[in-house]
Amino acid sequence: GVRVLRHPLYPDHSRSGIKRALSYLSFMLVAAVLGPVLCGKTDILWVYHPPLTTGVAGWWLSLWRRAPFVYEIQDMWPESLTATGMISNKSILGVLGRIARFIYRRARAMTVISPGFKENLITKGVPPHKVHVVPNWTDERIYGPTSRDVSVGQDFELAGRFNVVFAGNMGPAQGLQTVIEAAQQLLDVPEIQFVFIGDGLALQGLQESAHGLSNVSFIDRQPAENMPGFFAWADALLVHLRSDPLFAITIPSKTLAYLASGRPIICAVAGDGAEVVRQANAGLICPPEDPDALAKTVRTLYTMQPAEREAMGEAGRQAYLAHYRREKAVDRYEQLFEEIHLRRNSRLKR
């Protein structure tokens, strides 16, 4: 029952800053031109960020439709551009920062995925009451505890090993060279195996670095519905990000999928992401970009009794059900939209 309007844009997911900018600008311009014509009656706009340019289009549509907009921030700009190495020019970053503050002032409300994001916005002058923390969720129809499929274990050489599994995008932000270096330190424990599932800009470099290592395995990107079968073979699910102030206030989305899957987690992320795992008692935590600490943490988990590891996984599953389910997040959005709609109607009636 949801009407979706699709429009042309210039698609790009490369490392080229120019091509990325063209992609972002093309969506903004077409949405700004066609939106006022194609969108019907509007009570509230829900604008998703990133990229920042969607915020410009959302503000323009809100003017045309005379409707408030809620700005959902999933990634903090311009900080994320410097953290991932996409842009380093200070003049460009300054312009983007001013555009961001322009949008923040005009949004009726904002939602963020972590307490750290909220604090970041407050330091930029956004009133605290305007920012609402709504954690991400995962697809509960897919991710959940499941029994081990023997064929998966055999076909992908997971059976009989202690598998530390990283799943998802392998890019600059993940800093996965640290994991390869940790694997080199663990060659003396032949049961331990690091398994990378997915793809990304850093994949080729990681494969080259891992050449000759018997305890590192790469599996091609898989459909989401296949992932629980791989997670079932994971003795630990790994989340890792580079050591950067931005990532200390980020909760990687894979963390929620890991919690829902009921497997122990090794969290090599600082700040908010680590706090989610710590509060849930769902695994072990170590500093990011520290191969010595990561290798030591893997050894510690390996030497634990299986029952201890299973207890961590179950604690993570229960924490997900209690705090991060999709229904809980949707309820928060619905309440926010209703409050804004009621306040708007009240003002219009005066």
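The legends below describe close-up views of a predicted model. Local features need pLDDT of at least 70 and side-chain atom pairs count only at pLDDT 80 or more, whereas totals for chains, interfaces and linings use all residues. Residues are numbered from 1 along each chain as its sequence is written, and side-chain values use heavy atoms, with hydrogens and water left out.

**View 1. Packing of helices α2 and α4.** Helix α2 (residues 53–65) packs against helix α4 (residues 90–106) at an angle of about 40°, their axes being 10 Å apart. From α2, the residues G55, V56 and W59 meet I99, F102, I103 and R106 of α4 (contact: heavy atoms within 4.5 Å). By class, this contact has five nonpolar, one polar and one charged residues, with Ala, Val, Leu, Ile, Met, Phe, Trp, Tyr, Cys and Pro counted as nonpolar, Asp, Glu, Lys and Arg as charged, and the others, Gly among them, as polar.

**View 2. The largest nonpolar core.** This core has 63 residues, and Y71, I73, Y104, L121 and L259 have the most contacts inside it (a core joins buried Ala, Val, Leu, Ile, Met, Phe, Trp, Tyr and Cys residues through side-chain atoms within 4.5 Å; buried means under 20% relative accessible area, with a 1.4 Å probe and protein chains only). Apart from it lies another core of 32 residues, including I192, F196, A210 and A236.

**View 3. The loop position of N226.** N226 lies in the loop between β7 (216–219) and α9 (227–231). Because its relative accessibility is 32%, N226 counts as partly exposed (between 20% and 50%). The C-alpha atoms of N226 and Y143 are separated by 9.6 Å, although the two residues are 83 residues apart along the chain.

Terms used. Helices (H or I, at least four residues) and strands (E, at least two) are DSSP runs, numbered from the N terminus. Axes are lines fitted to C-alpha atoms, for helices over the stretch in contact, and angles run from 0 to 180 degrees between N-to-C directions.
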